[in-house]
Amino acid sequence: MSRRTRRVVINGIGILVALFFAFPVYWMVNTAFKSPDQFQTYTPVFIPIPTLDNFIKALGQQNLPLLVRNSVFVSASTVLLSLVVGFLAAVTLARVKFRGRGWFLLLVAVAQMAPFEALLIPIFLEIRNGLPGPLSILPVGYNQVPTLILIYFIFTLPFTIWSLRGFVAGIPVDLEEAAMVDGASHFQAFMKVTLPLLAPGLVATSIFCFITAWNEYLYAYTFMSDTTNYTLPVWLVSFQTNFGTDWGATMAASTLFTLPVLIFFLVVQRRMVGGLTTGAVRG
Amino acid sequence: MTRAQPKAKTPTSASSLSVAPSRYRTRTTVVRDLWPYVAVAPAFLTFVLLLGIPVVMLFLTSAQHFGLFELFNNVTTYVGLDNYYNLIFKSPAGLPDFPTVLLRTIVFMVVNVALTITLGTLVALLLAKLDRWVRLVLTSAMVLAWAMPVVTGAVLFQWLFDSKLGVVNWAISSLGIFGDYLNHSWFATGLTTFAVITLLIVWQAIPFVALSLYAGILSIPKELPEAARVDGASERQIFSNITLPAIRPLLLMLIFLSVIWDFKVFTQVYAMRMGGPDNQTITLSLYSQQLGINQHQFGVAAAAAVIMMLLLLFVLVPYIRRMIKTQEEL
């Protein structure tokens with residue numbers, strides 16, 4: 001095989017593999033824009049005459065605005081809570097050598113890998129009983145939306161600490177010290193020098209937390225019994241079960257649900273590679 | 001940057017690593033010693049309250065007779081290892097027996113991990129050989145699959161594999177090699193349902209594995225394979241003597257992660273067919289959920305979850321060890 005044909009063959013395989021990954025996504029969007037007579041055919045229509053009917057139908061679902069609000073509220077609160085608590089711990093872990101630091105780091109690593117699928121039963125029992133003592137005034141319990149914030153908070157906190165710690169450690173302390181030599185207080189040096197440099201790390205970590213909370217299914221499905229308390233993933237699965245034959249509307253709903261994740265994901269994709277395996281190559 | 005860091009560990013600059021330089025020491029000794037603990041306290045408390053307590057509760061519940069009566073009346077009845085005995089030797093009503101589910105979960109996990117890692121490695125090697133623009137196309141396509149929410153993936157794959165109108169049945173039938181697949185029902189048997197679930201999982205997992213490994217391959221100095229090629233080494237020899245040893249630590253981490261993820265997977269399996277047809281795709285995490293949440297046998301469900309957790313430890317312990325080790329080097 002000549003060098004030229006070899007290149008053509010290799011690139012051809014590359015395109016085929018790309019098709020394998022992209023096709024399902026294309027098919028979702030494609031179906032979302034089809035009228036029923038275009039998707040209810042044995043011979044599929046590859047380039048549809050687009051219609052927005054499915055989107056109108058999906059968006060017209062009862063309670064949908066409420067569910068969007070639930071999802072946004074839960075995800076945004078998770079990000080906020082995780083970021084505040086995680087940031088404090090991350091900066092301390094990265095910058096201060098204190099007794100027990102190694103143990104705390106180990107705790108974070110263990111927590112990050114906690115199998116929450118196995119903890120469903122005890123968490124369910126605790127939530128059913130409500131929080132103990134003075135904490136019982138919090139709106140946390142079975143079928144109460146804020147419960148999910150607490151659960152997603154513990155899902156995302158370990159990663160938040162782990163990831164932010166890495167970002168802080170990547171910023172040389174020398175920069176802060178230079179600012180302090182120029183007369184800045186320690187606090188000023190941190191706020192004016194380190195924090196701006198940390199912005200991309202904060203954005204990436206927030207997005208990761210947001211996506212985790214936005215996509216979560218098992219706990220939302222187990223704890224939210226009223227349809228008005230569902231988050232979007234629970235709604236999407238039940239939508240598909242209830243509208244089993246209306247694939248146009250189902251795919252429109254799927255597309256709408258996926259869109260924010262996709263946009264956010266593209267922002268942080270480069271940072272996600274290696275996030276979980278950092279240093280393994282050099283090791 | 002990273003290369004320069006070990007230098008900082010020499011005694012002369014050690015103080016620069018700490019936020020509290022020595023000149024503060026005389027003034028605010030107590031505060032200096034306390035504030036790191038104050039800063040990590042919220043996180044620490046969160047771990048204890050939201051993670052530590054559930055773990056302890058899980059083990060305690062698995063040793064209790066715990067049904068609806070106990071839940072509503074707040075009674076605690078310890079029964080030792082009865083739940084484990086019942087779980088392993090008696091099959092619960094309406095669900096398959098535990099050994100079947102455990103074996104099924106392990107086989108399912110092994111198949112998924114093997115496919116993910118093998119295909120992921122092949123795609124990584126392919127990426128390294130592609131022309132720039134094709135590589136960009138392939139990377140973008142993979143990011144699409146990777147970014148898709150799991151729930152969307154499960155709904156979408158049911159549409160792709162729909163018996164009447166699904167595009168997959170149409171494509172297989174048009175190929176003509178496997179005969180007529182129109183109206184073929186993928187979700188009629190456990191095995192073919194698992195096949196669709198596996199395809200979904202592997203489709204979404206390959207991008208992460210392939211892109212991580214590709215990053216690893218890029219970090220190999222170009223001179224190594226070039227020198228080997230000049231010396232007459234074949235591509236296969238270059239792979240097994242240069243590429244593979246270089247990416248082995250990374251590969252190991254990816255295998256660990258895949259084993260953990262695929263062993264405890266819930267959403268893809270449940271959202272596809274809720275364990276059906278006829279409970280044939282119930283895996284371990286679904287089993288515990290069904291026993292507990294649906295059948296209110298919380299004690300037995302907890303026992304199943306404990307077994308799942310203990311089995312996961314075999315992979316979690318070495319994974320976390322490596323994770324800590326690589327972080328400390330940074």
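Q: Among contacts in chain B between residues at least 6 apart in sequence, what share joins residues at least 24 apart?
A: In this predicted model, 67% of those contacts in chain B join residues at least 24 apart. For chain A, among contacts between residues at least 6 apart in sequence, the corresponding share is 71%.

Q: What makes up the secondary structure of chain A and of chain B?
A: Chain B has 13 helices and 0 strands, and its pattern along the sequence is α-α-α-α-α-α-α-α-α-α-α-α-α. Chain A has 12 helices and 0 strands, so that read from the N terminus its elements run α-α-α-α-α-α-α-α-α-α-α-α.

Q: Why is chain A called more spread out than a compact globule?
A: The radius of gyration of chain A is 24 Å, whereas the globule rule gives 19 Å for 283 residues; the value is well over the rule, and chain A is therefore described as more spread out than a compact globule. Along its principal axes, the C-alpha trace of chain A spans about 70 × 70 × 35 Å.

Q: How do you know that helix α11 of chain A is mostly covered?
A: Of the 11 residues in helix α11 (residues 232-242) of chain A, 8 are buried, where buried stands for 20 or more other C-beta atoms within 10 Å. The buried residues are A:Leu232, A:Pro233, A:Val234, A:Trp235, A:Leu236, A:Val237, A:Phe239 and A:Gln240. For the chain as a whole, 43% of the 283 residues of chain A count as buried, and for chain B the figure is 40% of 330 residues.

Q: Why are α1(A) and α6(B) called roughly perpendicular?
A: Helix α1 (residues 3-32) of chain A and helix α6 (residues 150-160) of chain B pack at an angle of about 80°, with their axes 10 Å apart. Angles of 65 to 115 degrees count as roughly perpendicular, and the two helices are therefore given that description. On the α1(A) side the contact is made by A:Pro24, A:Trp27, A:Met28 and A:Thr31, and on the α6(B) side by B:Leu156, B:Trp159 and B:Leu160. By class, these residues divide into 6 nonpolar, 1 polar and no charged.

Q: What makes up the side of chain B that touches chain A?
A: In total, 85 residues of chain B are in contact with 87 residues of chain A. Helix α1 (residues 29-62) of chain B gives the most to that side, with 16 residues, and the side as a whole has 65 nonpolar, 16 polar and 4 charged residues.

Q: Which residues have the most contacts inside the largest nonpolar core?
A: The largest nonpolar core has 170 residues, and those with the most contacts inside it are B:Ala210, B:Ala304 and B:Ala305. Helix α8 (residues 190-218) of chain B supplies the largest share of this core, 16 residues. Not counting residues up to four places away in sequence, B:Ala210 touches B:Gly120, B:Val123, B:Ala124, B:Leu127 and B:Met142.

Q: What phi values do A:Asn143 and B:Asn279 have?
A: The phi of A:Asn143 is positive, about 65°, although A:Asn143 is not a glycine, and the phi of B:Asn279 is likewise positive, near 65°. Most residues other than glycine have a negative phi.

Note on methods:
Residues are numbered from 1 along each chain as its sequence is written. Chains are lettered from A and ligands numbered from 1 in the order in which they are written. This is a predicted model: local features need pLDDT of at least 70, side-chain atom pairs count only at pLDDT 80 or more; totals for chains, interfaces and linings use all residues. Axes are lines fitted to C-alpha atoms, for helices over the stretch in contact, and angles run from 0 to 180 degrees between N-to-C directions. Helices (H or I, at least four residues) and strands (E, at least two) are DSSP runs, numbered from the N terminus. Angles under 35 degrees count as roughly parallel, over 145 as roughly antiparallel, 65 to 115 as roughly perpendicular and the rest as oblique. Two residues are in contact if their C-beta atoms, placed from the backbone, lie within 7 Å. Ala, Val, Leu, Ile, Met, Phe, Trp, Tyr, Cys and Pro count as nonpolar, Asp, Glu, Lys and Arg as charged, and the others, Gly among them, as polar. A residue is buried if 20 or more other C-beta atoms lie within 10 Å of its own, exposed if 12 or fewer, and partly exposed in between; C-beta atoms are placed from the backbone. A nonpolar core is a set of buried Ala, Val, Leu, Ile, Met, Phe, Trp, Tyr and Cys residues joined through C-beta atoms within 7 Å. The radius of gyration is taken over C-alpha atoms; the globule rule is 2.2 Å times the number of residues to the power 0.38.
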